[in-house]
Amino acid sequence: MKTGRLGAALLLIVILMLASACGAKEYKPQAINEETDKCVICNMAIKDDPYATQIITKDGQSLKFDDIGCMNKWKVENGTETLGAEFVRDHNSGDWVKYEKAYYAYDAEYITPMAYGVIAFEDKASAQAYIDEQGKGQLLSSDELAHHKWEVNREMMDMEDMEKHNESMHSDESKDEMNMGHETEGNQS
């Protein structure tokens with residue numbers, strides 16, 4: 001009888017282990033489709049580049065963003081209860097990295113699609129090397145980034161350099177949408 005109970009206990013343990021393994025969901029980022037993907041927040045076209053970020057919800061929905069600042073804005077507006085995983089791109093390789101494992105370089109003058117100035121890296125050394133190369137910036141972990149004061153560099157958004165940046169970062173369609181909203185701005189000379 002002891003053998004029967006032991007066998008039943010072992011079988012129960014195996015079943016519980018299998019059940020818990022099946023319940024652990026692995027979230028993977030989806031590829032960026034430059035033809036159709038638009039940022040959930042700013043509605044700009046998303047380039048398949050190192051600035052793209054992504055949230056996978058617990059139900060498997062992929063939310064894509066053209067700038068990490070837009071992803072943060074979505075989390076502030078919608079909360080984090082439905083998040084399955086967050087992904088950023090390594091600035092050097094373009095590989096997807098889990099948000100919480102990445103390191104970040106920040107400076108208000110770093111050029112990013114929506115002028116938040118935060119750039120992601122796969123490791124601390126790469127982020128620090130970028131800061132050193134630029135001669136400015138602050139190194140942040142994901143925990144520190146959670147307390148970051150997210151602000152758009154308004155001066156950069158209005159600069160001629162930002163227009164050049166937008167031309168290279170976004171599709172013609174998105175650029176036209178952006179220009180339509182700014183047709184009257186700056187044309188009063």
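This is a predicted model: local features need pLDDT of at least 70, side-chain atom pairs count only at pLDDT 80 or more; totals for chains, interfaces and linings use all residues.
Residues are numbered from 1 along each chain as its sequence is written, and side-chain values use heavy atoms, with hydrogens and water left out.

**Overall layout**

I found 7 helices and 7 strands in the chain, and reading along the sequence gave me the pattern α-β-β-α-β-β-β-β-α-β-α-α-α-α. For burial I used relative accessible area, where buried means under 20%, exposed over 50% and partly exposed in between (1.4 Å probe, protein chains only); on that scale 40% of the 189 residues count as buried. I took contact to mean heavy atoms within 4.5 Å, and among contacts with a separation of 6 or more, residues 24 or more positions apart account for 60%.

**Helix 2 and Lys 75**

I looked up Lys 75 and found this residue in helix 2, which spans residues 68–78. Is Lys 75 buried or exposed? Lys 75 counts as buried, because its relative accessibility is 12%. Leaving aside neighbours within four places in sequence, I noted that Lys 75 is in contact with Ile 55, Thr 80, Leu 83, Glu 86 and Tyr 99. The other buried residues of helix 2 include Ile 68, Met 71 and Trp 74, and the buried residues of this helix pack against strand 1, strand 2 (62–65), strand 3 (83–89), strand 5, strand 6 and helix 4 (142–145).

I then checked both ends of helix 2. At its start, a side-chain oxygen of Asp 67 comes to within 2.8 Å of the backbone nitrogen of Gly 69, and the helix is followed by Gly 79, whose phi is positive, near 80 degrees.

**Nonpolar cores**

Here a nonpolar core is a set of buried Ala, Val, Leu, Ile, Met, Phe, Trp, Tyr and Cys residues joined through side-chain atoms within 4.5 Å. The largest has 26 residues, of which Phe 65, Ile 68, Val 88, Tyr 104 and Leu 145 touch the most other members. Strand 2, helix 2, strand 3, strand 5 and strand 6 each give two or more residues to this core, and helix 2 gives the most, with 4 residues. I also noted a second, separate core of 8 residues, which includes Tyr 51, Ala 105, Ala 127 and Tyr 130.

**The sheet 6-5-7**

Counting two strands as paired if DSSP finds at least two bridges between them, I traced an open, antiparallel sheet of 3 strands in the order 6-5-7. Strand 6 (118–121) and strand 7 (138–141) stand at the edges, each with a single partner strand, so one side of each has no neighbour in the sheet. Strand 5 (residues 103–106) pairs with strand 7 over 4 bridges, and Tyr 103 stands opposite Ser 141 in strand 7.

**Lys 47**

Last, I placed Lys 47 in the loop between helix 1 (2–23) and strand 1 (53–57). Lys 47 is partly exposed because its relative accessible area is 28%, and its C-alpha lies 8.3 Å from that of Asp 37, a residue 10 places away in sequence.

Methods:
A polar contact is a pair of N or O atoms within 3.5 Å; within protein, one must be able to donate a hydrogen and the other to accept it, and residues adjacent in sequence count only if both atoms are side-chain atoms.
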